[in-house]
Structure formats: structure tokens, C-alpha cells
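Have a go at each one before you read its solution.

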Amino acid sequence: GIAFAALAVMSTWSEYNSIWLRFKDDGAERGFLAARRKKLVSKVLQGIGLVLVYMTLTISLIFINHYGPSGAMFMNTDEGRQIGNLRNIIIFTMTGLIALFGLLVSQMSRREGGISTDCLELCVTCFACVVAIFVVLQHPWYLAKAYGISDPRPHIRDLNVSDDNLLLLHLDLGVTGCHLMMPVRWSRLWPVEVVAVLCYLVPATVLGSPLFFTSVGLNTVMMLLFVFMASLGKRMLETHERRAFSLVAAERTMRAEAEFKLSQAQASKSLITPLPSEADRSSSASLSLPDTLQSAYLPCPTIHECSREEVLAMLVDSSSPAELPGHDLPQARDTYQATLELVCDHALGGALVCIAEAEAFRQVFASAAGGDLGAREAHFGGQPGPCTRSSDQGYMTEVLRGIHVRDPRFRDAFREFTAHTANDCWPLDHPDESARGRPKDGAFLLSRTGYRVQCSAKLLGLAPVARWANVGTKHEAALACAWAVPGAVVFVRSDRGTLHIVAKQQDLRRC
């Protein structure tokens with residue numbers, strides 16, 4: 001078994017950066033976690049449901065008159081009733097904790113920007129360890145021993161149910177369920193394996209087992225073998241899952257790149273207009289039109305200048321005639337005001353912040369692996385749709401996970417992101433090693449509730465909708481994003497400090 005395990009580890013050592021089965025690229029690891037999040041939440045809730053069914057059956061047996069008020073485990077003596085009542089309290093407590101954990105997982109998974117997949121894995125591991133300890137505490141023999149009874153036999157009704165076999169069965173069931181049912185990474189499950197073995201070995205040796213010492217040693221060896229095989233099987237299963245994820249991610253990346261190149265080629269062809277013939281040149285009906293610039297055919301947007309106070313009044317007053325999309329929602333108004341303060345007071349350079357419903361971003365930029373919103377799978381009139389690419393491999397998206405736009409941590413990160421450097425990258429001596437050398441470029445996509453959807457995102461494939469003179473690519477991207485994303489409001493700040501607020505079917509307002 002040891003040789004087989006060593007062979008399995010060595011076979012995957014070249015693909016991953018450690019024994020813990022992690023991708024060498026942090027962005028790929030975050031994408032792998034994001035792809036498993038929905039399945040993890042579903043399996044956790046299913047597992048909690050099965051455990052609650054079992055606990056409900058156990059509690060129902062306690063209240064059946066045939067077993068008496070102290071349950072079926074103990075005799076009707078003073079000490080037997082006390083230990084039985086204590087065991088009932090432990091069972092009720094464990095049931096309540098399991099139900100509370102399931103409720104918390106359900107609620108946190110529904111919140112936008114809620115608990116991360118990595119944190120959820122740690123919570124599942126810790127909770128499984130706590131449940132294993134409760135399983136030992138409710139065991140009749142070891143509960144009586146811990147209560148101070150040197151010989152529990154006179155107080156236990158049926159010695160067969162207080163044997164170590166039932167305890168080992170429960171512990172092995174928990175370990176097997178966590179390894180096979182829960183899509184938790186192999187590197188996060190080792191505490192469950194250690195706690196499961198110790199939950200039998202420590203009580204059996206310290207408090208004393210109803211079996212002989214040799215039987216305790218044999219049971220421990222068998223438990224170790226069960227745990228070892230479950231752990232090895234989990235590692236091999238996760239290895240196959242990671243390889244499948246890598247293949248899918250590579251295929252989607254190549255497909256998106258091919259579609260983007262195809263769209264660029266088709267766009268370049270559409271921009272070329274055939275030169276007029278000699279007859280057309282001499283004809284009086286001949287027209288002189290630009291034949292290389294597509295933007296020459298586009299209209300110019302209307303721009304109205306106003307003060308910051310006028311914009312702020314428009315954001316505060318829900319009855320303003322120049323209202324923005326979603327202006328009737330208090331959360332959206334608060335997000336608009338917070339973004340205005342963020343871009344005006346805290347940005348140290350150019351910035352682009354787009355605010356819309358999270359679902360609207362997904363409609364325009366469909367989901368893909370690696371944390372990017374990715375390239376759309378569907379085609380529109382034979383043309384591939386827009387896509388986003390993370391400039392910093394998802395660093396800022398991960399840093400601002402679950403942080404509201406009004407949070408001081410968001411403002412500090414945004415200020416540092418917009419600060420110019422020599423190469424517009426994070427300094428190589430930055431305190432956060434994950435940020436060092438990564439580009440500080442791209443747009444911030446926020447939901448109307450004020451939480452990030454994606455940060456440092458390059459917006460690719462958006463068609464131009466207007467000819468905006470004397471501005472750079474950042475303002476053109478803001479205009480295209482406001483047109484393409486339903487209900488979007490875009491704040492774009494130039495390096496000189498001029499701010500534009502862009503919305504579809506609204507005037508462009510410059511503060």
C-alpha cells in the first residue's frame with residue numbers, strides 16, 4: 001500500500017507544484033475551485049440532509065415509550081438515567097448544530113460575493129471533525145467512562161450496541177462519505193482522517209475499551225487501512241478531475257482565441273470599401289466617403305457639462321427627470337453615489353467602473369473557467385460575442401471578494417490600483433507577493449448591490465457605437481460597454497481627472 005501510494009504521488013508530481021495537488025498557476029487553481037463551488041454547496045446540503053434524517057430517527061427512538069425516558073441504551077438506575085439524559089442532550093445538540101450549519105451554508109451560498117470555495121472547504125472539514133468528536137461522546141460505553149463510572153456494564157442495557165464495532169462503523173462512514181460524496185480537495189481532508197483515527201484510539205486507550213487490548217490494536221490497524229484507502233482513492237479521483245478541467249479550459253481558450261481572430265479578420269474585411277471605378281469618378285453622382293475608418297460612419301454622442309453637485313443631486317433625488325438605469329432602487333442609488341466618491345476622491349489616475357446587474361454581465365460576457373467572464377458560446381449573426389480577459393490573472397477579483405464598494409478596504413485597493421508606476425504594474429517589492437509584477441490595467445465590473453463581479457478586466461469584442469473625438473480607448477470602451485450591457489452605468493475617469501458618466505439612451509455627463 002505504501003509503495004502504491006508513493007507511485008501515485010510521483011506520477012502527478014510533474015503536473016503540480018507540491019504533494020497537495022495544486023496547479024502551478026494560481027489562476028488555474030482559482031478557476032478549478034470556482035467550477036466546483038456549485039457542486040460543493042449542493043453535496044454539502046445533501047449530506048447534511050442525510051445526517052439529519054438519521055438523527056431524526058435516533059431522536060424518535062428516544063421518545064418511544066418502549067425504551068423508556070432514558071433511551072434504549074441504559075438501565076433504569078440513577079446513574080443509568082443520568083447518563084441517558086446526558087446522551088440525549090448530546091444528540092439534541094449535535095442535531096441542532098448540523099441543522100444550523102446547513103442553514104448557514106444555504107444562506108451564505110445565495111449571497112452575492114459570499115463565502116469563497118476555499119473557506120467553505122475549511123468549514124466542511126472543521127465541521128466533520130466536530131461531528132466525529134460528538135459521535136464518540138454519544139457512545140454509551142465511553143460516555144459512561146467519561147462520566148466517571150469505572151465499570152459501565154451494570155448500567156448498559158445491551159452490551160452489543162456499546163461495542164467498539166458500532167463506533168468504528170460510524171467513524172468509517174463519516175470518512176468515506178467526506179471522501180467520496182463531498183467535492184472537497186484532497187489537501188483539505190487530512191484533518192478528518194487524523195481526527196477519525198484519534199477519536200477511536202484515544203478513548204480506547206485512555207478511558208478503556210470493552211474489548212481486549214489486542215482487539216483494540218487490530219481495530220486501529222483496520223481503521224488506518226480504511227482511511228488510507230479512502231484517502232488514496234480520493235487523490236486519484238481528484239487527479240482525474242484536474243486533468244479533465246485542464247483539457248476543458250485549454251479547449252475553451254483555443255476556441256475563444258480562434259473566434260476572436262475570426263471576428264477581427266471579418267471586421268477588417270468589412271472596413272475596406274472598394275475604390276470607385278473611372279466612370280463613377282467622372283459621374284456627378286459620385287460620393288466621396290471614407291473607405292478605411294469605420295468610425296467615420298458613426299454618430300457623435302451628445303455631451304453635457306455639469307458640476308459634481310448637480311450629478312450628486314441627480315443621484316440622491318429619485319424623482320430626477322435625468323435618472324439613470326436602476327435609479328429607482330435604493331441599493332443602486334447608493335452604489336452610484338459610492339462609485340462617484342470613489343472615482344472622484346480616491347482614484348489617483350485613469351479608471352473605468354461599469355455598474356449593472358450581475359446577470360446582465362453574464363448575458364453579454366458568458367461564464368468561462370479561470371475567473372474570467374469569458375467568451376460567449378453563442379454566435380450572433382455568425383459573429384462571436386464579446387468577452388473579458390483578466391489582466392492580472394484574477395488577483396484584484398480575489399482581493400475584493402465579498403467587499404462592498406463603500407468598504408475602506410475597497411477604497412484603499414482601488415486607490416493603489418489607479419496609482420501610476422513606471423511600468424503600470426504592481427511593484428516587485430509589494431507586501432502581497434501575489435500582486436508583484438502584475439499589470440494594473442482594466443475595468444471594474446460592479447453589481448448594483450455594490451459588490452465586484454470582476455476586476456482588472458479587459459473588455460474585448462465590443463462593437464463601437466459612436467465616434468467620440470479627442471478621447472482614448474478607455475472612453476471608447478466605456479461607451480461600447482454602456483451600449484452593450486443592459487442597464488449599465490459607466491464611470492470613466494481620464495488621467496487629467498475629467499469624469500464622464502455614460503448610460504444608454506441617456507446624455508453623457510462630464511463633471
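**Exercise 1.** Find which residues form a nonpolar patch on the surface of this predicted model.

*Solution.* Start with the members: Trp20, Trp190, Val194, Leu198, Val202, Val206 and Leu207 make up the patch. Together they have about 630 Å² of accessible area. Now pick one of them, Val194, which sits in helix H7 (residues 190-208). Its relative accessible area is 39%.

**Exercise 2.** Work out which residues have the most contacts inside the largest nonpolar core, and which element gives the most to it.

*Solution.* This core has 47 residues, and Val44, Leu171 and Tyr200 have the most contacts inside it. Next, look at the elements that give two or more residues: among them are helix H2 (26-62), helix H4 (117-137) and H7. H4 gives the most, with nine residues. Then zoom in on Val44: leaving aside residues up to four places away in sequence, Val44 touches Phe101, Val105, Val124 and Met182.

**Exercise 3.** Asp424 and Ser456 each have a positive phi. Decide for each: buried, partly exposed or exposed?

*Solution.* First, a reminder: most residues other than glycine have a negative phi. Phi of Asp424 is near 55°, and Asp424 is found in the loop between helix H14 (408-418) and strand S7 (443-446). With a relative accessible area of 37%, Asp424 is partly exposed. Now Ser456, with phi near 50°: this residue lies in strand S8 (residues 452-460). Its relative accessible area is 0%, so Ser456 is buried.

Technical notes
Residues are numbered from 1 along each chain as its sequence is written. This is a predicted model: local features need pLDDT of at least 70, side-chain atom pairs count only at pLDDT 80 or more; totals for chains, interfaces and linings use all residues. Side-chain values use heavy atoms; hydrogens and water are left out. Helices (H or I, at least four residues) and strands (E, at least two) are DSSP runs, numbered from the N terminus. Buried means under 20% relative accessible area, exposed over 50%, partly exposed in between (1.4 Å probe, protein chains only). Patches are made of residues with over 30% relative accessible area and no salt bridge: like charges are joined within 9 Å, nonpolar side chains (Val, Leu, Ile, Met, Phe, Trp, Tyr) within 5 Å. Accessible areas come from the Shrake-Rupley method with a 1.4 Å probe; for residues, only the protein chains shown count as cover. A salt bridge is a side-chain nitrogen of Lys or Arg within 4 Å of a carboxyl oxygen of Asp or Glu. A nonpolar core is a set of buried Ala, Val, Leu, Ile, Met, Phe, Trp, Tyr and Cys residues joined through side-chain atoms within 4.5 Å. Contact means heavy atoms within 4.5 Å.
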